[in-house]
Amino acid sequence: QVQLVESGGGLVQPGGSLRLSCAASGPIQSINTMAWYRQSPGKERELVATISNGGTTNYADSVKGRFTISKDSAKKTAYLQMNSLEPEDTAVYYCNAKLKLYYSPNDGAYWGQGTQVTVSS
């Protein structure tokens, strides 16, 4: 069974930093893409950052220069380093991964459970 386990969320003051982790497990042959999304109440879920299998990264304009996505392929884990956090960054952050499984020739998209990030004084 495929699982994405997220950790690292919490309460932080404006200007502070936080690092989120997303560990994938299960019969995973390869990870094509890992990404972070976030969603605030009453708003659409938005894409924050992506990283490809080859290491190519992309960021939403709102987080460029402040957030960094990275991965450890051996651990099948993605990270989101968040610096200079602002109250507007408050949201539930979700990990998403496009995976190729051993028992299926098709790629599938999987979601983590989400972790709350609150930026407040």
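**View 1. T115 in strand β11 of a predicted model.** T115 is found in strand β11, which spans residues 115-119, strands being DSSP runs (E) of at least two residues, numbered from the N terminus. The model is predicted, with local features needing pLDDT of at least 70 and side-chain atom pairs counting only at pLDDT 80 or more, while totals for chains, interfaces and linings use all residues. Residues are numbered from 1 along each chain as its sequence is written, and side-chain values use heavy atoms, with hydrogens and water left out. T115 counts as buried because its relative accessibility is 11%, where buried means under 20% relative accessible area, exposed over 50% and partly exposed in between (1.4 Å probe, protein chains only). Beyond its neighbours within four places in sequence, T115 is in contact (heavy atoms within 4.5 Å) with residues including E6, G9 and L20.

**View 2. The open sheet of four strands.** The strand order is β1-β3-β8-β7, with antiparallel pairing, and two strands pair if DSSP finds at least two bridges between them. The edge strands, β1 (3-7) and β7 (67-72), each pair on one side only. Between β1 and β3 (residues 18-25) the antiparallel pairing runs over five bridges, and S7 has S21 in β3 as its bridge partner.

**View 3. Salt bridges around R38.** A salt bridge is a side-chain nitrogen of Lys or Arg within 4 Å of a carboxyl oxygen of Asp or Glu, and by this rule there are four. R38 meets E46 at 2.7 Å, N to O, and D89 with closest N and O atoms 3.0 Å apart. D89 lies in the loop between β8 (77-82) and β9 (91-101) and R38 in strand β4 (residues 28-39), so the pair ties together parts 51 residues apart in sequence. Both D89 and R38 are buried.
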